[in-house]
Amino acid sequence: MSTLDLSGRVALVTGGAQGIGLAIVQLLLEAGAKVALVDISPNLRETGQRLGRSFKPENVLCLTCDVTDSTSLRKSFEKVLSHYGSLDIVVNNAGIADEVNWDKMLHINLHAVIAGTYLALELMDPEKGGVIINVSSMSALYPVVYAPAYSASKKAVVTFTRCIKSAAEGANVRVNCICPYYVKTQMSQRGLDAMPEQFKNEILQNGLMDPEDAAKGIMELITDTSKNGTVLRASAKRGLSYHIFNDNTF
Ligand SMILES: NC(=O)C1=CN([C@@H]2O[C@H](COP(=O)(O)OP(=O)(O)OC[C@H]3O[C@@H](n4cnc5c(N)ncnc54)[C@H](O)[C@@H]3O)[C@@H](O)[C@H]2O)C=CC1
Ligand SMILES: CCCCCC(=O)/C=C/[C@H]1[C@H](O)CC(=O)[C@@H]1CCCCCCC(=O)O
């Protein structure tokens with residue numbers, strides 16, 4: 001297996017201020033990467049300062065941005081390139097679960113992932129190559145009837161990732177996605193709190209992943225250079241496994 005050395009590489013993580021995003025930011029910093037956190041959270045600066053104290057402050061860049069604002073998203077990507085001189089890794093992770101405001105959710109969970117992928121393809125250096133990880137969900141593979149728009153947004157992320165693989169290869173960029181089952185974050189806590197007991201119990205029985213374990217899956221997709229166009233499933237019960245699609249016939 002050929003492994004990508006992350007030392008000195010430049011990564012951009014959307015939704016990096018907490019949860020799965022923060023966990024991948026920490027693993028990237030531990031591996032010696034320079035990391036830009038692109039997030040709308042009011043806690044972003046504080047999180048960045050804390051990371052700067054634990055790692056090298058010059059390796060942490062915080063950019064306040066609503067990923068649904070295409071001008072602001074472009075500015076953030078371009079800022080990372082001008083600040084660090086390169087853009088090598090992009091993790092399109094920012095997401096919400098909100099069936100009532102499904103239009104907003106689709107803009108964050110899907111439109112911004114597509115926009116982030118195209119920006120990465122435009123700004124990554126084809127000589128050096130790059131890697132993009134799109135964060136989907138197990139609900140893309142096993143649709144959740146109580147979260148139809150959420151499940152649809154995540155399914156679309158999987159399909160987009162698999163389709164864009166060929167075009168990305170032309171730019172010397174690998175693109176993969178991860179489909180976690182429930183992970184212990186603020187998002188899942190809110191979801192579980194609002195859920196009928198019956199469903200909550202089933203999920204608790206299956207178990208919730210630690211964000212660090214989901215982030216390890218993302219690291220595998222980043223560092224294993226043989227991984228391209230893959231869909232990695234991640235759950236507390238079964239760990240990490242690659243999804244096999246039986247879609248060769250019509
Ligand atoms: N927690 C879970 O059980 C699972 C989560 N996922 C996915 O993982 C990703 C991360 O989720 P969690 O870490 O659990 O969520 P979280 O709610 O803990 O963190 C999400 C981060 O995204 C940021 N964000 C939200 N909207 C944004 C916007 N418009 N612009 C910029 N940043 C924005 C938030 O400020 C926050 O820092 C999401 O895409 C989610 O759908 C997938 C499967 C399971
Ligand atoms: C097979 C389903 C895996 C879902 C993993 C995931 O992305 C979970 C996201 C939830 C988030 O934590 C808060 C939510 O509202 C999201 C979906 C909630 C669905 C609840 C349905 C209960 C069930 O039948 O599992």
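Start by selecting Glu-127, which sits in the loop between helix H4 (102–123) and strand S5 (130–135). The model is predicted. Show the surface here: Glu-127 is exposed, with a relative accessible area of 76%.

**Helix H3**

Next, select residues 70–84. This is helix H3, 15 residues in length. From its first C-alpha to its last, H3 reaches 21 Å, close to the 21 Å expected at 1.5 Å a residue.

Colour the buried residues of H3: Ser-72, Leu-73, Ser-76, Phe-77, Val-80 and Tyr-84. Turn the view until you look down the axis of H3. The buried residues fall within an arc of 140°, so they line one face of the helix. The spacing has a simple background: an α-helix has 3.6 residues a turn, so residues three or four places apart point the same way.

Now pick out the other side of H3, where Ser-70, Lys-75 and Ser-82 are exposed.

**What the buried face meets**

Keep the buried residues of H3 selected and bring in their partners. They pack against strands S1 (10–14), S2 (34–39), S3 (60–64) and S4 (89–92).

Which residue caps the N-terminal end of H3? Select Asp-69: one of its side-chain oxygens lies 3.1 Å from the backbone nitrogen of Thr-71.

Finish by selecting Gly-85, which follows H3. Its phi is positive, near 85°.

Terms used. Residues are numbered from 1 along each chain as its sequence is written. Chains are lettered from A and ligands numbered from 1 in the order in which they are written. This is a predicted model: local features need pLDDT of at least 70, side-chain atom pairs count only at pLDDT 80 or more; totals for chains, interfaces and linings use all residues. Side-chain values use heavy atoms; hydrogens and water are left out. Helices (H or I, at least four residues) and strands (E, at least two) are DSSP runs, numbered from the N terminus. Buried means under 20% relative accessible area, exposed over 50%, partly exposed in between (1.4 Å probe, protein chains only). The expected span of a helix is 1.5 Å times one less than its number of residues. The arc is that of the directions from the helix axis to the C-beta atoms. Contact means heavy atoms within 4.5 Å. A polar contact is a pair of N or O atoms within 3.5 Å; within protein, one must be able to donate a hydrogen and the other to accept it, and residues adjacent in sequence count only if both atoms are side-chain atoms.
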